[in-house]
Every structure is written in C-alpha cells, then in structure tokens.
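Let's walk through this model together, one piece at a time. Have the sequence at hand and the 3D view open as you read.

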Amino acid sequence: MKAIIIARVSTEEQKEAGLSLPAQVVRLEKYCQNKDFDVIRSCSFDESAYKHQRDEFDRIIDFVLEQKEKIAVCFDKVDRLTRDTFDRRIGMLYDKALQDELELHFISDGQIVNSKISAAQKFQFGITLNLAKYYSDAISDNVKRANEQKWRKGEWTSKAPYGYKNITHHDGKKEVVVDEHATYIVQKAFELYATGAYSMGLLRQKMKTDYNVDWSKSYVDKILNNHFYYGTMMIKEKAYPHRYPPTITKVLFDQVQEVKSGFNKKKFKYAGKPYIYRGLLRCHDCGLAITPEKHKGFVYYHCTQYNGKHGAQWLREEEITSQLGSVFKKLQMPHDILQETIETLNEVHQNKIDFHNKHFDILAREHKETTKMLDNLYLDKLKGSITESQYDKFYQSLRDKLVDINTRLSQLQEAEDNYYVTSKHLLNLSNQAYELFISSEVEEKRQLIKLILSNVRVDGKNVVYVAQKPFDLLLDHADRQVWRP
C-alpha cells in the first residue's frame, strides 16, 4: 500500500524532546518500512492543530483526495492530526477511512482507523480525540490565566507597538523597552496631527520626508488610535495600565482624537490640492468658507456667495501671505524686553521646583497604594472572596484612578521642564515667526496660522483675525509706543 507520512509541531512544542519534526519523521519512516508501505510523500510543517485556518494541512488533504487508490495516511499521534473534535477535516477523513477509501495510522498511540475498525476501537479513537482537545483547552486556559496576571501587573505579552521593542536578556527573560528614535517619531506624529493642520495623507508624507518612515494611511491611523502610547493597554476592549514609560500624555492623545473626529466630518473635495489657506479662511460677511481657485498660474481666494450676492472680492494668495506676514512681523519683541522677560521666567521657574517635588511624592505614593489595591483585589477574586461582577466594578474604579494618577504624574513631570522651556520657546517663536512664515513649506505655514491666529476672515480686501493667547498680548504691545512691565 502507498503511504503519506505527516509530521507536525505547533510553535510551543518545537522544543519538546521527542516531538521535533525530525524525530517524528524517523519514527514514521521506520513504521512504514516495517509495514512494507511505499511512501509517496513525506510532509513536515509547523502549524497549530487547533486553528480553523490550516493552510498547509488543507494542501495535504487535497493531495490525499487526489489519489485514485487506497492509501495509508500516517501520523505519530492523534494530536498530530488535530486537537479540535469539531474540525470538519477530521470528520471527512474518518468517514473515508470507514468507507475503505483510506486508512489512518497513529503509530505511537497504536491505533488504526479503517473499514474494519470495531466499536471498541471507535470508542478508543473518540476518547483519544477528546483527550487531545482537553489537553489543548487546558493549555489555553493556563496561558489565558498567566497572561491575565501579567496584564494586571502592567506587562505587555505581545509584539511591542512601534516606538517600543521586545528584547531577550542573557538569562532568557523577555522585556519591552523604549526605542528612543522610534518613540521620538511617534511623539512628532501626535504633536503634528494635534495641530489640526494635517490630514492622514499629509502627515504620512511629512513622516516620509522628515524621518524616512513609509507608513500607510491605515498604519498612521493605527498609531494615532493606540492607547498604549499614553500608558494604557487595550486588550479585548478592556483597559489595563502598563508599567512602561509613556510616549505621550493622555491630554495629547485626547486632542488627537478630537482632531480626528473633526476631520471625519469634513468633506475633502479639494484635499489633494496644495492651497496654503484652504479651510483656514471664512467670509466676514456671510461666514462661508473662502474657496481657492487657480487661474493663469495664480491662486485666488473668494467667497462663493452661495447665500446671496454681497460684492465679495477676489484676493491673490500672495496678497494674503503679505498681510499675514505683517502680523507675524509685529510679534517681534525688542531685545532688551526679551532678555528681561526670560530672566523673570528663570526666577519664577526656580520657585516651582519645590512645588513639583512635593506633589510628585504625593502622586507617587498614591500610585503605589492603588497598584497594591489592584493586586489584592485580584487575589480576592482568585480566592472567591468577591464575585466576578464585584471584581469588575472595583477593578474599573481603581484602573480609572491609576490612569488619572499616571496622567497627572506625566503632566507634572512635563511641567517641571516645560514651564520655563515652553515660555522661552514661545518668546523665541514670536521673534522668529515672520522668518519662519515666509520661508516655510505649506504645512508649516498652516501650523503657524493655527497656533497664533483664530477666526481668520476675509473682509473685502483685508484679512482680519483674532490672536490666540498669549500672542494677543504681544500684538497689543506692538501697537504701543512703550512696552509695559
């Protein structure tokens, strides 16, 4: 009789003694030799026998069904064939064996399934199948329990998201650590998108140009939706605080979600055209968006007057740039005023250090206590001291508290450095705003406008606006003869 030998391992079993593919193949070849079987094909592969999609195994079954004569299909054990008693493939092979179209040989179990099998042998085969399924289910339960315990402790059990990486130490212990370069790229992606000046497509192009990362739009969306970056693991729609350094704050994450939700409501008929002021200007008379159009090589902006004619005029893009440029030029501070302001900020910043240290210690203590309460809550669940519903209720409350503490800790840590740095940065930005605006690309121009101005409108031939804080104060002083303290 002709025979096919099939050796299989699943990933978690590859290192087990006696179950390796070469060991199985040797036993199967020796068995076929003793039985005087003519081996027409030897198959060995790595694939779980508990998954519904078994591509490699399906190809082997197709080969078996193509045979015109009766053949023997040989496995080392029943669990090398399957660990799922509901697998339709097993029922099909079993029926064909009973119809004398093939034979199933399980050499280490000492079982043969063919048309002559007795009721007792059928019962034994069924028991072996169910034992294989029980063993697989028990492993699955143990893995789930182990994973859940790791999640409670804030440990990530899968491939680390972009910005982090999986490492294995010399002792075999695995860990997730920060990838400094990739983390910086993720931070920039969140910060840029939070400005509202970038669509997914523009952000993707920016990342490609500046950091040489070729992300698809769906991957950009995946990163911007990932709660992991602010300190929370989402596993099967359940949130677990993790113990790894966060990449961004919860505040920045929420800002990005607000911008994303706003973009989803917009119509992007002209999204592909690189007009600087598209979507940034509105008509002062009727409130409609100002529309850009290109004529004879020049870009013009005008109101469609859809709600009624009101004598709206057309402005060249260069004229709008000139008017906005004069606004940014007014932001420049006299050098002596700038230096005096920075010195004052230095003094104020020093006074904030004591405040920071005091509140950081308080939050760190609260974090430790809450983490301990979560551990005790999980132990109470295992002991049966509380019900599942009670556990979920208390867990959610403690988890929310931990997320809030983590957010406040990250904000406090940023405040330590950012109070002085951000203030100084804003002052420097004000002094360089004009040069940046004139020399920057389209996306950077749009960012500057959104950062410094709001409610930008076209009133006849003039561009009017409302200045954002604290730039409104600087523009107000620019119109005075003397700067006040």
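The names come from DSSP runs numbered from the N terminus, with helices (H or I) of at least four residues and strands (E) of at least two. Before going further, note that this is a predicted model, in which local features need pLDDT of at least 70 and side-chain atom pairs count only at pLDDT 80 or more, while totals for chains, interfaces and linings use all residues. Residues are numbered from 1 along each chain as its sequence is written, and side-chain values use heavy atoms, with hydrogens and water left out.

Strand S1 (residues 2-9) pairs with S2 in the parallel sense over 8 bridges, and Val 9 stands opposite Asp 46 in S2. S1 also pairs with S3, again in the parallel sense, over 5 bridges; here Ala 3 stands opposite Ala 72 in S3. Another 5 bridges join S3 to S4, and these strands run parallel, with Ala 72 opposite Glu 103 in S4.

How many residues of S3 are buried? The count is 5 of the 5, so S3 is largely enclosed by the rest of the structure; buried means under 20% relative accessible area, exposed over 50%, and partly exposed in between (1.4 Å probe, protein chains only). Ile 71, Val 73 and Phe 75 point one way from S3, whereas Ala 72 and Cys 74 point the other way.

Ile 248 is buried, with a relative accessible area of 7%. Beyond its neighbours within four places in sequence, Ile 248 is in contact with Gln 187, Phe 190, Tyr 229, Tyr 230 and Phe 253. Phe 190 is 58 residues from Ile 248 in sequence, yet the two are 8.0 Å apart in space, C-alpha to C-alpha.

Aromatic rings deserve a stop of their own. Rings of Phe, Tyr and Trp (its six-membered ring) pair if their centres lie within 6.5 Å; planes under 30 degrees apart count as stacked, over 60 as edge-to-face and the rest as tilted. The count comes to 20 aromatic pairs. One of them, Tyr 277 with Tyr 301, is edge-to-face, at 5.7 Å centre to centre and 65° between the planes. Both Tyr 277 and Tyr 301 are buried. Tyr 391 and Tyr 395 have ring centres 5.8 Å apart and planes at 20°, so this pair is stacked.

Note on methods. Two strands pair if DSSP finds at least two bridges between them. Contact means heavy atoms within 4.5 Å.
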